[in-house]
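Hi,

Here is the structure I promised to pass on. Have a look at it first, and my notes follow below.

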Amino acid sequence: MEPVLEVKDLSISFTQYQGGTRRRELPVIRNLSLTVEAGQVAAVVGSSGSGKSLLAHGILGILPYNSHMEGELRYKGQPLTPKRSEALRGREIVLVPQGVTYLDPLMKVGPQLRGGRRDAQAKARSRAVLERYGLGAETEELYPFELSGGMARRVLIATAAAQSPGLLIADEPTPGLDARAAGRILGHFREIADQGAGVLLITHDLELALTIADKVAVFYAGETVEEANASDFSAGRLRHPYTNALWNALPQNGFTPIPGAQPWPGEEGSGCPFAPRCPRRTEACVGEIPVRSVNGGRVRCLYPEGGERP
Amino acid sequence: MSLEGRNLTFGYRKKGRVLDQISLTLEPGERLGLAGPSGRGKTTLCKLLAGYERPGGGEVLLDGRPLDAYRGLCPVQMIWQHPETAVDPLLKLKDSVSEAGPVGEELLEALHIQPGWLERYPAELSGGELQRFCIARALAPGVKYLLCDEITAMLDPITQAQIWNVLLAQAEERQLGLLIVSHDSALLERLCTRIQRL
């Protein structure tokens, strides 16, 4: 079966003006590749400022006017052109956004769920979808400011799920929720995937992502450095030194930090952006770094763990 | 010299009480974890203990004296969950970070603050980068207690571990008392000498 979403060598850059007249291209995402299969939850994990929200905006075709996107996007085998993504978004491809601010503050929940339709069928459907997420019929009559954080998030998911999407993109869906509430929210995404949709989960929370994801793409300074199966993490089968560092920094593992900070867009040197912080770097790391397949996953590193040295 | 919240009660007019008769004591060098579901008043409790809000009932005592009897830099400082709301958006970070007095090079380096960041405005930095500045500012001399309200909830695990390693070392060295609020039970287990549920 064809993957729901294929992203190949995607790059996104912004045009910036400095001092009024000097123009420069600021690359924010470089050479990003990933695939999402039907029935699968694929997580993209990266720290804040790594450019991962832009990936969602790129797929939906809602990047700002001063941005430029290159590479290949395919949805169910067909190229995802700007025209096609406009036709599909909100129906086939849906977004569960980061914040409650994405709801219309002046519109009650019910009409927002129905997207303007007023027929009996739409009403029955919005009621059913609210019920599915544990929200009573009275929720339809509430304005967004009357919802608690957890309720608002469920409304956002309900809005997306009401469309029976082929691809659901969730952008940081759990911050500010306690572990139980976050677990419940993620459970809903798993459910949507189990019913046959592809789910792309974008988050900084590796631990939560691993509870529902089938595979994880790790993002660093605008590049995917590794694509791993979720089971590789606890099994110690990680490939990239950055992924290992992430794993070892979790409180329940080593809680061991590595020095330094992620470089800013436009300030990465040539070659591997992680090299300045990497224990395994050599002079060769400033050159071109190819993506390699190692132990059933993919890694952008010259000296991956578990791979033979060239 | 201990920090003590005695029978703290707080509420907004119509909504009833957020906190009802809550008591806690924090000793120097101690790291007390505070856990509980959202909306239970964890942040409100921090604000009372730091003197940002006055309790409707009960009192906050530092070394046996009411907290508002202290003048100058408050020995109890709070570090907030959203650092972008805790810095002046119109100040360069070199000015924000030294609001409570000059900050040593060593501390900036330990927090991995790059020299170039000092010349930036808050909107130009990410949450993790800003939080490092907020911590450097809160570690002014004279501060005895730090109230850490979900200070690494939005950060990646590496930045989280970096920040806590610095804070734990400083707390050890200066015998600071820490109140640590978090949803992450693994994090609390790792950091705290004692955990209280709200």
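A salt bridge here is a side-chain nitrogen of Lys or Arg within 4 Å of a carboxyl oxygen of Asp or Glu. Please keep in mind that this is a predicted model. E227(A) and R298(A) meet that rule, with their closest N and O atoms 3.7 Å apart. E227(A) belongs to strand 10 of chain A and R298(A) to strand 12 (residues 297-300), so this pair ties together parts that are 71 residues apart in sequence. E227(A) counts as buried because its relative accessibility is 17%, while R298(A), at 37%, counts as partly exposed.

Strand 10 (residues 223-229) also holds E226(A), and its partner R239(A) sits in the loop between helix 8 (230-234) and helix 9 of chain A, 13 residues apart. Salt bridges with shared partners join E226(A), D232(A), R237(A) and R239(A) into one network.

Another spot to look at is E140(A). Its salt bridge with R127(A) has closest N and O atoms 3.3 Å apart. E140(A) is in the loop between helix 4 (120-132) and helix 5 (149-161), and R127(A) is in helix 4, so the pair connects parts 13 residues apart in sequence. E140(A) is buried, with 4% relative accessible area, whereas R127(A) is partly exposed at 41%. The side chain of E140(A) also makes a polar contact of 2.9 Å with that of R114(A). R114(A) lies in helix 3 (residues 109-114) and is buried at 11% relative accessibility.

Over all chains, the count comes to 24 salt bridges. How many of them run between chain A and chain B? The count there is zero. Six residue pairs are in polar contact across that interface. Helix 9 (residues 241-249) gives the largest share of chain A's side, with four residues. That side divides into 14 nonpolar, nine polar and four charged residues. In total, 27 residues of chain A are in contact with 30 of chain B, and the buried area is about 2100 Å², with 61% from carbon and sulfur atoms.

As for the overall fold, chain A has nine helices and twelve strands. Buried residues make up 53% of the chain.

Best wishes

Key
Residues numbered from 1 in each chain as written. Chains lettered and ligands numbered in written order. Predicted model: local features only at pLDDT ≥ 70, side-chain atom pairs only at ≥ 80, totals over all residues. Heavy atoms only, no water. Contact = heavy atoms within 4.5 Å. Buried area = accessible area lost by both parts, 1.4 Å probe. Polar contact = N/O pair within 3.5 Å; in protein donor to acceptor, adjacent residues only side chain to side chain. Helix = DSSP H or I, 4+ residues; strand = E, 2+ residues; numbered from the N terminus. Nonpolar A, V, L, I, M, F, W, Y, C, P; charged D, E, K, R; others polar. Buried < 20%, exposed > 50% of the residue type's maximum accessible area, 1.4 Å probe, protein only.
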